[in-house]
Amino acid sequence: MAQDSFETLVEDFEFLDDWEDRYRMVIELGKAMTPLPDALKVPATKVEGCASQVWLHPQIEGGFFSFQGDSDAMIVRGLIAVLHKLYDGLPVAEVAAIDARTELGRLGLNEHLSAQRSNGLRAMVERIGQYAAAA
């Protein structure tokens, strides 16, 4: 089950008639996201497999998963913000139960991202799963 904030995003996307509007919304989500401090943009937080520079910094407190992230590409920042809505605040044990492909498919992302962006998104989802599994 996805987070309430992700469900709200799905509802918002349903009101948008075309992909260009949805694309703009993803970019706006990225712009609104708090930048990751430069001190956390290190090799250990860098996500390999992305065409852009991507960093994810996980935090687990009290059994709940959260993360900060950033990218040098606006659309990718937006995708990080979407993933944040999907995963942030979940009990760590529930992170692996999220079928990210299905959930993101509800936004229409699977059909509209380039192969490189899709690979990068998959790499971010895998990294999130690895962080949670290691907790």
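Phe67 counts as buried, because its relative accessibility is 3% and the cut-off for buried is under 20%. The model described here is a predicted one. Phe67 is found in strand β2.

Which residues is Phe67 in contact with, leaving aside its neighbours within four places in sequence? Leu56, His57, Pro58 and Gln59 are among them. The list also includes Ile80, Leu83, His84, Tyr87, Asp88 and Ile128. Phe67 and Thr34 are 33 residues apart in sequence, and their C-alpha atoms are 11 Å apart in space.

## The β1–β2 hairpin

Strand β2 covers residues 64–71, and six of its eight residues are buried, so the strand is largely enclosed by the rest of the structure. Its partner is β1, and the two strands pair in the antiparallel sense over eight bridges. Together β1 and β2 form a hairpin, with two residues between them. Gly62 is in the turn and has a positive phi of about 60°.

Individual pairs can be followed across the two strands. The bridge partner of Leu56 in β2 is Gly69. Trp55 stands opposite Asp70 in β2. In a regular strand, side chains alternate between the two faces of the sheet.

## The loop between α2 and β1

The loop between α2 (19–32) and β1 (54–61) holds Ser52. Asp38 lies in the loop between α2 and β1 as well. Are these residues buried or exposed? Ser52 counts as buried, because its relative accessibility is 11%. Asp38 counts as exposed, because its relative accessibility is 63% and the cut-off for exposed is over 50%.

The side chains of Ser52 and Arg117 are joined by a polar contact of 3.3 Å. Not counting residues up to four places away in sequence, Ser52 touches Ser71, Asp72, Ala73, Val76 and Arg117. For Asp38, one distance can be given: Asp38 and Asp70 are 32 residues apart in sequence, and 9.8 Å apart in space from C-alpha to C-alpha.

Two packed helices are described by the angle between their axes and the distance between the axes. Helix α1 spans residues 4–14 and helix α3 spans residues 74–87. Their axes come within 6 Å and cross at roughly 125°. The helices α1 and α3 are therefore oblique to each other. In this contact, Ser5, Phe6 and Leu9 in α1 meet Val82, Lys85 and Leu86 in α3. The residues of the contact divide into four nonpolar, one polar and one charged.

How do α2 and α3 cross, and within what distance do their axes come? The axes cross at roughly 80° and come within 7 Å. With that angle, α2 is roughly perpendicular to α3, because angles of 65 to 115 degrees count as roughly perpendicular. On the α2 side, the residues in this contact are Tyr23, Val26, Ile27, Leu29, Gly30 and Lys31. On the α3 side, they are Met74, Ile75, Arg77, Gly78, Leu79, Ala81, Val82 and Lys85. By class, the contact of α2 with α3 has nine nonpolar, two polar and three charged residues.

## Helix α1 against helix α2

Helices α1 and α2 also pack against each other, at an angle of about 145° and with their axes 10 Å apart. Leu9, Asp12, Phe13 and Glu14 are the residues of α1 in this contact. They meet Trp19, Arg22, Met25, Val26 and Leu29 in α2. The contact has six nonpolar residues, no polar ones and three charged ones.

Leu9 of α1 is listed in the contact with α3 and in the contact with α2. Val26 and Leu29 of α2 are listed in the contact with α3 and in the contact with α1.

## Two residues further along the chain

Ile98 is found in the loop between α4 (92–95) and α5 (100–105). Ile98 is buried, because its relative accessible area is 11%. Ile98 and Leu83 are 15 residues apart in sequence and 11 Å apart in space, from C-alpha to C-alpha.

Glu126 has its place in helix α7 (residues 115–134). Glu126 counts as partly exposed, because its relative accessibility is 47%. From C-alpha to C-alpha, Glu126 and Val95 are 11 Å apart in space, and they are 31 residues apart in sequence.

Definitions and conventions:
Residues numbered from 1 in each chain as written. Predicted model: local features only at pLDDT ≥ 70, side-chain atom pairs only at ≥ 80, totals over all residues. Heavy atoms only, no water. Helix = DSSP H or I, 4+ residues; strand = E, 2+ residues; numbered from the N terminus. Buried < 20%, exposed > 50% of the residue type's maximum accessible area, 1.4 Å probe, protein only. Polar contact = N/O pair within 3.5 Å; in protein donor to acceptor, adjacent residues only side chain to side chain. Contact = heavy atoms within 4.5 Å. Pairing = 2+ DSSP bridges. Axes fitted to C-alpha atoms, helices over the stretch in contact; angles between N-to-C directions. Parallel < 35°, antiparallel > 145°, perpendicular 65-115°, else oblique. Nonpolar A, V, L, I, M, F, W, Y, C, P; charged D, E, K, R; others polar.
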